[in-house]
Amino acid sequence: MHRFVAKANVDHYIGLLNGSDLAPGHRTSITKLLIEEEDKLSHDLEHLEFAEQKAANGRDHVRCVRAARDGFAFGTADRELAERLLVNCENLQTVLEDFCHSLRAKINSQGL
């Protein structure tokens, strides 16, 4: 049951972090909560597929946000907003990729 809750929390925190209306302090707090939930899942190697799916979805999201940002003219308020959103998405992607790398390293160290 705790794995289900941890996965649901990961999904929830990712959804919050993908929003553009979070204050920096809240973004930091939610990122910490996301990492804590990922840590709960990192003890079970079967969660690698879950982690890889989240990372793949995140890469797609970063590509979409980057394309949207590129649609705005340089120097406009819309471009600046899209740039901030892209930075947030890229930061989240780093967290997701780190989770995958840690699970893969654990698997490789156990010789599976």
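Q: Why is Lys-54 counted as buried?
A: Buried means under 20% relative accessible area, exposed means over 50%, and partly exposed lies in between (1.4 Å probe, protein chains only); Lys-54 has a relative accessibility of 18%, so Lys-54 counts as buried. This is a predicted model, in which local features need pLDDT of at least 70 and side-chain atom pairs count only at pLDDT 80 or more, while totals for chains, interfaces and linings use all residues. Residues are numbered from 1 along each chain as its sequence is written, and side-chain values use heavy atoms, with hydrogens and water left out.

Q: What makes the pair of Lys-54 and Asp-11 a salt bridge?
A: A salt bridge is a side-chain nitrogen of Lys or Arg within 4 Å of a carboxyl oxygen of Asp or Glu; the closest N and O atoms of Lys-54 and Asp-11 are 2.5 Å apart, and the two form a salt bridge. The pair links distant parts of the chain, with Lys-54 in helix α3 and Asp-11 in helix α1, 43 residues apart; helices (H or I, at least four residues) are DSSP runs, numbered from the N terminus.

Q: Why is Asp-11 called partly exposed?
A: Its relative accessible area is 37%, so Asp-11 is partly exposed.

Terms used:
Helix = DSSP H or I, 4+ residues; strand = E, 2+ residues; numbered from the N terminus.
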